[in-house]
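Subject: Structure for you to look at

Hello,

Here is the structure I said I would pass on. Please open it first, then read the notes below it.

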Amino acid sequence: MDLKKSPVARAWRGLRRSAAPAVSRRPMDVDDANRRFLLYGVMPLWLVPAVADWAMHRRTRIEDTTGVRESAVHALMMTEAGVPVAMGLLAKINPLVLTVMGGAALAHAATALWDVGLADGERELHPVEQHIHSFLEVLPLTALAFLCTLHSDQARATLRGGRRPGDWKLLPKENPLSARYLAGIGLGIGACIVLPYAEEMTRCVKAARLRRGR
């Protein structure tokens, strides 16, 4: 008797076929996966350490130590990060945008060193805060790396000096992001960055005025 043709063997093969999950024959769209991770992973992730850093400043009473000076440096760093983010969300990715992003990332890293230098010896720099800083420093570079991967032609054009028409012009995206996404990111930035750091600056200014009035 041929065991492969037995009722038991046929039933087993049928069971295996029915239990096997359906596998799509369509190849994975790597660009789409990278774009989604950048928009829904890296971008929202930037907001978390920003709030955590503000909380550490409040915990160590920045208004009674480095005060307005350090808070102004924080505002500068947020601007250095915010301008390229706005360009990346609204403008066409070209050599101009990639160059601004690269320059802003380097400026942000240099300003972060200045920030730590101001705070060192003036207020407690907890290891947790320094670890939070590492996230804030690496995320702009991560976003830039993703964009260079998604727009490799523009990255190559940037390295070659951008010789095509429109390479050094600020142009709107050909396929704009949805208004719903932009509104969500805008609300997140307002709630997690603009409001907390405005509160920090207000607190520092008030404390400085109180000290001058004594």
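The method works on a 1 Å grid over the protein atoms alone: a pocket is an open set of points with protein on both sides within 12 Å along at least five of seven lines, a cavity is a set where a 1.4 Å probe fits but cannot get out, and lining residues have an atom within 4 Å of a point. Grid points are joined across faces, edges and corners, and a volume is the space filled by probe spheres set on the points.

The model is predicted, so local features need pLDDT of at least 70 and side-chain atom pairs count only at pLDDT 80 or more, while totals for chains, interfaces and linings use all residues. Residues are numbered from 1 along each chain as its sequence is written, and side-chain values use heavy atoms, with hydrogens and water left out.

The lining of that second pocket includes Trp46, Met78, Ile193 and Tyr197. Helix H7 (179-213) gives the largest share, five residues. Helices here are DSSP runs (H or I, at least four residues), numbered from the N terminus. By class, this lining has nine nonpolar, one polar and no charged residues. Ala, Val, Leu, Ile, Met, Phe, Trp, Tyr, Cys and Pro count as nonpolar, Asp, Glu, Lys and Arg as charged, and the others, Gly among them, as polar.

The largest pocket has a volume of about 720 Å³. Of its 32 lining residues, Gly88, Ile93, Leu147, His151 and Lys173 lie nearest the centre. The lining divides into 21 nonpolar, five polar and six charged residues.

Beyond four places in sequence, Ile193 is in contact (heavy atoms within 4.5 Å) with Trp46, Leu47, Ala50, Met78 and Gly188.

Finally, confidence. The average pLDDT (the predictor's confidence in each residue, from 0 to 100) is 87. Over residues 18-25 it stays under 50.

Regards

Key. Helices (H or I, at least four residues) and strands (E, at least two) are DSSP runs, numbered from the N terminus.
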